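Subject: Structure handover and notes

Hello,

I am passing on the structure for your use. Please open it alongside the notes in this email.

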Amino acid sequence: MPRVVWLLVIGMAVNVTGSSFLWPLNTIYIHDHLGKSLSVAGIVLMLNAGASVVGNLIGGTLFDKIGGFKSVLLGIGITVSALMGLSLWNDFLPYVIFLTIVGFGSGIVFPSMYAMAGSAWKEGGRKAFNAIYVAQNLGVAIGSALGGIVASFSFDLIFAANTLMYIIFLCIAVFGYRGISASASSQTSVIAESGAVKSHTKLYALLTLCIGYLLCWVGYVQWQSTISAYTQELNISLSHYSLLWTVNGALIVLGQPIVNQLVKRISSLKLQINIGIVIFIVSFGVAAGAQEFSAFMAAMVILTIGEMLIWPAVPTIANSLAPKGREGFYQGIVNSTATGGRMIGPLLGGLLVDFYGISMLFILLIVLLVVSIFTTLIYDRKLKENKQLAHAS
């Protein structure tokens, strides 16, 4: 792997380690330390995710206009400024404002990091993006573990540690990314690719598949919001809760060889996704009855196995459905769907728990996942019909 890609990988690991100090603990801080309801916490996380969407779109445009190096520096600069503010003022209103700005700033960084990785190692193909993906999950594992330990002493230290990690990331970017050449044409966005799409059948197939993908994300994000607050009611420590995400990230990094062997034995991507969804359902079933940390750990391990089957499969199907020249548009739909789930999930979960209790949330999540199995089963029905008609004629 080229040196510049290693620098991008290290930078991404540091970046995500910094953000992972805070994001698993946001709901706990808003609910337990600031005294707000889970519904309010959901709205705050929705604002953060929405700002991240805007940041991603602007980051892609900036990459085209001013290049990856300047785009990354701008995104890091905005994030560091907001985190410094969060370290000094973390009452409810400043928290909401600064957390939203953090979402926007970090959103600018990601598209340029991916685009630079692809440009810096064109012959590597998917290897460059896989390396960035593994770096992200390594950051999740390290940041979540350290975040829980630091938060057990003081939440103020969490904000300071997060700021420090982003300053380190800024130094890596300033001294390591200046010379990375990146072709503007390698970066695209939903807006740039939103011209007329001729293959409407394929587009409708993707949209049907993404309904189920959205519902999966609505369920998955509960582990970062409502379930995190629920563990606190059961007197599970912050360090133990953060350990769940450490295990999640570590399993994703270390479990790749095992999953690759498993995937080879599955006949289709559709089946792979549905097996993953069934595993999600089992995970939420275990979590619904959990009262001890060990049960939540078992549920997280099960969830991670399902995640490793679902998350890579949906972009792969999108790539196979995309007409030539529309790959960016189709991938943009997938990314927007995932972000939509991250926006809707905390608010929906918070409202359900506040009004009906945690048990009702788990029941609804399992129902939504059953619906996602159905949408996955039928997404390509029209495509098969068209293919049969073409053969018949």
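Predicted model: local features only at pLDDT ≥ 70, side-chain atom pairs only at ≥ 80, totals over all residues.

Residues are numbered from 1 along each chain as its sequence is written, and side-chain values use heavy atoms, with hydrogens and water left out.

Salt bridges

Side chains of opposite charge can pair when their charged atoms come close. A salt bridge here is a side-chain nitrogen of Lys or Arg within 4 Å of a carboxyl oxygen of Asp or Glu. The structure holds three of them.

Asp380 sits in the loop between α15 (358–378) and α16 (381–392), while Lys270 belongs to helix α12 (residues 269–288), so the pair ties together parts that are 110 residues apart in sequence. Helices are DSSP runs of H or I with at least four residues, numbered from the N terminus. Asp380 counts as buried because its relative accessibility is 12%, and Lys270 counts as buried at 15%. The cut-offs are under 20% relative accessible area for buried and over 50% for exposed, with partly exposed in between (1.4 Å probe, protein chains only).

Asp380 also forms a salt bridge with Lys384, where the closest N and O atoms are 3.9 Å apart. Lys384 is partly exposed, at 46% relative accessibility.

Glu385 counts as partly exposed, with 36% relative accessibility.

Single residues

Lys382 also comes up in the surroundings of Thr201. Thr201 is in helix α8 (residues 200–220) and is partly exposed at 25% relative accessibility. Thr201 and Lys382 are 181 residues apart in sequence, yet their C-alpha atoms are 7.0 Å apart in space. Leaving out residues up to four places away in sequence, Thr201 touches Lys382, Leu383 and Asn386; contact means heavy atoms within 4.5 Å.

Asn15 is in helix α1 (residues 3–22) and is buried, with a relative accessible area of 2%. Its side chain makes a polar contact of 3.0 Å with the side chain of Tyr166. A polar contact is a pair of N or O atoms within 3.5 Å; within protein, one must be able to donate a hydrogen and the other to accept it, and residues adjacent in sequence count only if both atoms are side-chain atoms. Not counting residues up to four places away in sequence, Asn15 touches Val109, Phe110, Tyr166 and Phe169.

Asn235 has a positive phi of about 65 degrees although it is not a glycine. Asn235 lies in the loop between α9 (226–233) and α10 (238–254) and is exposed, at 70% relative accessibility.

The expected span of a helix is 1.5 Å times one less than its number of residues. For the 29 residues of helix α3 (residues 38–66) this should be 42 Å, and the end C-alpha atoms are 40 Å apart, which agrees. Just after α3, Gly67 takes a positive phi of about 90 degrees. Helix α4 (residues 68–88) has 21 residues that should span 30 Å, and its end C-alpha atoms are 30 Å apart, which agrees. The buried residues of α4 include Phe69, Val72, Ile76, Val80, Leu83 and Leu86.

On a 1 Å grid over the protein atoms alone, a cavity is a set of points where a 1.4 Å probe fits but cannot get out, and a pocket is an open set with protein on both sides within 12 Å along at least five of seven lines; lining residues have an atom within 4 Å of a point. Grid points are joined across faces, edges and corners, and a volume is the space filled by probe spheres set on the points.

The largest cavity holds about 30 Å³ of space. Among its lining residues are Tyr213, Cys216, Ile277 and Thr376. The largest share of the lining, four residues, comes from α8.

The second largest pocket holds about 150 Å³. Its lining includes Leu251, Gly255, Val301 and Met308, and α13 gives the most to it, with four residues.

Regards

Key. Helix = DSSP H or I, 4+ residues; strand = E, 2+ residues; numbered from the N terminus.
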